[in-house]
Amino acid sequence: MNEEDMLEEFDETDETPKKHGDDITIEDLPGVGPKTAEKLVDAGFNDLMSIAVTPVGDLMAAADLTDSAGRKIINAARKLLEMNFMSAEEMKEKRKSVGFITTSSENFDNLLGGKGVETQALTECYGKFASGKSQVGFQLAVNAQLPIKKGGLDADVVFIDTEGTFRPERIEQIAEAAGIDPEKALKRIHIARAFSSDHQMLLAEKVPELIEQEGKNVKLVIVDSLMGLFRSEFIGRGTLATRQQKLNKHLHTLQRLADRFQLAIYITNQVMARPDIFFGDPTTAVGGHVLAHAATFRVYLRKSKGTKRIARLVDSPSLPESEAVFTVDTCGVRD
Ligand SMILES: Nc1ncnc2c1ncn2[C@@H]1O[C@H](COP(=O)(O)OP(=O)(O)OP(=O)(O)O)[C@@H](O)[C@H]1O
Ligand SMILES: [Mg+2]
């Protein structure tokens, strides 16, 4: 047996580190030395979970790895995390850890299953201008800070503003009405204005830093709006495939955040008129199938008379399609 074969054999047998739980770092993975580890961390892969759930191509690109090395690392991460099937009963148990953020409208909360927006899920509100998409986002940004018994998660919020429509004064107004010190409310909302779709994607990738390095208890990430920059940058049919690929990556980042940190994702989305619908409301969300599949809850918002708004649940894993009426006034979202 030559030296290389011996090394190979050694690798195979000594694949599983003898450490447990939080002691395991990415350097314990087979084939990850200090150099590769540094590249991985630079690319945002700083724990086993982020590696375990990444497509091999992404990992290869991030750390200049060969296909087989990439696969080996991912498989080892999965093994260490014991990522296997779970019984439906276990899943029911896991779902008990799902948290909720109230919308401040009982009707709207009921539409979403009773308690509002869920953690570990992506909730999308789409609709025309002034339908209330951003206002719902502002209300959630305040409500996430409420104690659990008042419908919040006593948490911090990340707000990625792609349209420049975030207004601190409006947050203060809504916080005051919700019984939260407006100054404290502003401190717990971490805002970033995105100026391009790449910038927007990067900001979402930076959320783990805020949580792990700065110790912020982020339980809600808002992207208002998800598609605005993508739509303005990728114009014309020829660019659609590239746009959807990037969008897909961005949505994966958001979903991974929701899973890893057990937080809620709220995104707003624009609409367009579908030319192929002649009866009923031809308004449909932009973003195509990629987004339609990524959103756990899809809600269509319409402006009615005065402060009245109508929310329609369009897609959810276990709830019927239905509608709810709520209002948007000085206090924020109400019944
Ligand atoms: N301070 C306030 N007091 C009362 N109502 C308000 C206040 N601020 C906003 N609104 C209501 O909210 C509406 C704007 O809603 P919102 O900002 O959520 O629209 P949007 O759906 O995000 O639209 P866009 O697509 O333009 O972003 C206003 O037209 C108004 O009816
Ligand atoms: Mg808006």
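Student: Which residues come nearest to ligand 1?
Tutor: Of the 14 residues around ligand 1, the nearest are Phe129, Ala130, Lys133, Ser134 and Gln135. A residue counts as near if its C-beta atom, placed from the backbone, lies within 6 Å of the molecule. This is a predicted model, where local features need pLDDT of at least 70, side-chain atom pairs count only at pLDDT 80 or more, and totals for chains, interfaces and linings use all residues. Residues are numbered from 1 along each chain as its sequence is written, while chains are lettered from A and ligands numbered from 1 in the order in which they are written.

Student: Which element gives the largest share of that shell?
Tutor: Helix H8, with 3 residues. Helices (H or I, at least four residues) and strands (E, at least two) are DSSP runs, numbered from the N terminus.

Student: Is H8 buried or exposed?
Tutor: Buried: 11 of its 11 residues are, so H8 is largely enclosed by the rest of the structure. Lys133, Ser134 and Gln135 are among those buried residues. Buried means 20 or more other C-beta atoms within 10 Å of the residue's own, exposed means 12 or fewer, and partly exposed is in between, with C-beta atoms placed from the backbone.

Student: OK, new topic. Which residues have the most contacts inside the largest nonpolar core?
Tutor: That core has 68 residues, and the list includes Leu140, Ala141 and Val142. A nonpolar core is a set of buried Ala, Val, Leu, Ile, Met, Phe, Trp, Tyr and Cys residues joined through C-beta atoms within 7 Å.

Student: What is Ala141 in contact with?
Tutor: Leaving aside neighbours within four places in sequence, Ala141 contacts Val157, Phe159, Ile171, Ile189, Leu220 and Ile222. Contact means C-beta atoms, placed from the backbone, within 7 Å. A second, separate core of 14 residues includes Leu40 and Leu59.

Student: And how is the protein divided into domains?
Tutor: Into domain 1 (3-80) and domain 2 (94-334), with bounds from an automatic or database domain assignment. Their C-alpha centres lie 34 Å apart, and the contact takes 4 residues from each of domain 1 and domain 2.

Student: What's the average pLDDT?
Tutor: The average is 89, and 93% of the residues score at least 70. pLDDT is the predictor's confidence in each residue, from 0 to 100.

Student: Where is the pLDDT below 50?
Tutor: Over residues 1-21. Where pLDDT is low, the predicted coordinates should not be read in detail.

Methods: Two residues are in contact if their C-beta atoms, placed from the backbone, lie within 7 Å.
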